[in-house]
Amino acid sequence: MSLDFDVAVLGLGPMGRALAGAALDAGHATVVWNRTPEKARPLLNRGAALATSAPDALRRAAVTVCCLLDYAAVHRTLDDAEGPAVLVNLGSAHAGAARATAEWAAAKGLDYLDGAILAPAPAIGTPAATILYSGPEAIFQAHSTVLRCFGPQSVYLGPDVSAAAGFEMALLDVFTTATGGLLHAFALALSQGLDLQLFARLAGGLSGLLPEMAQRYARDLTADVYPGEPSTVASAATAIAHVTAAARDLGVDPGPLPALQALFDRAVAGGHGAEGYARVARAVARFRDSTPTGSP
Ligand code: FVH
């Protein structure tokens, strides 16, 4: 079958526009579609074509990249589509949604890869953009030239289609809770009239501890052994109680602190107060099976 385009991009929010721009920069014949077609104008000026519908774009391109608000929008947008065609879904969703969408795509005769973008839109097309892919390896290999133009650091995680979404959600958990924690800390700093520049410098220093902590937690959780050095679950529970008391004393909403307190208190109540922080993750986790998702 002869195809008119190397790649189609469905969805022209900030991320979809960046993906289509990277495809054009790499010299790929590109067709785009968006529910609100006006957003395509700058890309059409750069040489992209505009599809009359999302199924039309899918039918005419060697590979179609979808970057919509959520997976429900993907299903609605491609409700009338049918294969053969190749769909790579780069929006955000949890692992269960990725598995359900892979089944939905298979029923339509579409080859399907799920993906997760670990970068902001301005990084797309640069070495700073890491993009995870999961699903059948043959699909990833057949289209890797186009996919790597979005981010040369593209990582293929393996055939379990839910792996990319699984990693994305766990990493988004780090990002959203760390951002929320930082903003709550700024609320405490503001409420006490602290020097915000000095606070920012000191808070930035704390972030330097994270890489070592992440490695240590991974090691402890893998071994299922939690040395209580350098800090224990009980000491962290007490620290959270201090910050909560400080917030209440200042009349500040304690925000995420009571939820964190409950997690650490649960581990203490389970008899793990003298163990290391990673024990909290083990106390909260639920297990699907014994195979780590995304292990190559
Ligand atoms: N932007 C980023 O930095 C992050 C990086 C990590 C991954 N995310 C995910 O990428 C998806 C798209 O994100 P976005 O920032 O480009 O834009 P959104 O505002 O999330 O989505 C806008 C596009 O979705 C279209 N859309 C929304 N609802 C529908 C619908 N019911 N039917 C069809 N299309 C729909 C919207 O169309 P329009 O409003 O322009 O007509 C845009 O094309 C997302 O999953 C992020 O979590 C980006």
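Author: Leaving aside neighbours within four places in sequence, His184 is in contact with Ala247, Val252, Asp253, Pro254, Gly255, Pro256 and Leu257. Please keep in mind that this is a predicted model. His184 has its place in helix H8.

Reader: How do you know where helix H8 meets helix H9, and which residues make the contact?

Author: The axes of H8 (residues 163-191) and H9 (residues 196-207) come within 11 Å, crossing at roughly 145 degrees. From H8 come Leu182, Ala185, Phe186, Ala189 and Leu190, and from H9 come Leu196, Phe199, Ala200 and Ala203. By class, this contact has 9 nonpolar residues, with no polar and no charged ones. The crossing itself is right-handed.

Reader: Which strands of the sheet are called edge strands, and why?

Author: The open sheet has 8 strands in the order E3-E2-E1-E4-E5-E6-E7-E8, with mixed pairing. Strand E3 (49-50) and strand E8 (155-156) are the edge strands, as each pairs on one side only.

Reader: How do you know that E7 and E8 pair, and in which sense do they run?

Author: Strands pair if there are at least two bridges between them. Strand E7 (residues 131-134) is joined to E8 by 2 bridges, so the two count as paired, and they run parallel. Across this pair, Tyr133 stands opposite Tyr156, and Leu132 stands opposite Val155.

Reader: What joins E7 to E6?

Author: E6 and E7 pair over 4 bridges, in the antiparallel sense. Ile117 has Ile131 of E7 as its bridge partner. Within E7, Ile131 and Tyr133 point one way and Leu132 and Ser134 the other way, and all are buried.

Reader: Which helix lies across strand E5 and E6?

Author: Helix H5 (residues 95-107) does, running at about 155 degrees to E6.

Reader: What makes Asp224 worth a look in terms of phi?

Author: Most residues other than glycine have a negative phi. Asp224 is not a glycine, yet has a positive phi of about 55 degrees. Asp224 lies in the loop between helix H10 (210-223) and helix H11 (233-250).

Reader: Why is Asp224 called partly exposed?

Author: Its relative accessibility is 44%. Buried means under 20% and exposed over 50%, so Asp224, in between, counts as partly exposed.

Reader: What kind of peptide bond leads from Gly83 to Pro84, cis or trans?

Author: That bond is cis, with omega near 5 degrees. Most peptide bonds are trans. Pro84 lies in the loop between H4 and E5.

How values were computed. Residues are numbered from 1 along each chain as its sequence is written. This is a predicted model: local features need pLDDT of at least 70, side-chain atom pairs count only at pLDDT 80 or more; totals for chains, interfaces and linings use all residues. Side-chain values use heavy atoms; hydrogens and water are left out. Axes are lines fitted to C-alpha atoms, for helices over the stretch in contact, and angles run from 0 to 180 degrees between N-to-C directions. A crossing is left-handed if the near helix is turned anticlockwise from the far one by less than a right angle, and right-handed if clockwise. Contact means heavy atoms within 4.5 Å. Ala, Val, Leu, Ile, Met, Phe, Trp, Tyr, Cys and Pro count as nonpolar, Asp, Glu, Lys and Arg as charged, and the others, Gly among them, as polar. Buried means under 20% relative accessible area, exposed over 50%, partly exposed in between (1.4 Å probe, protein chains only).
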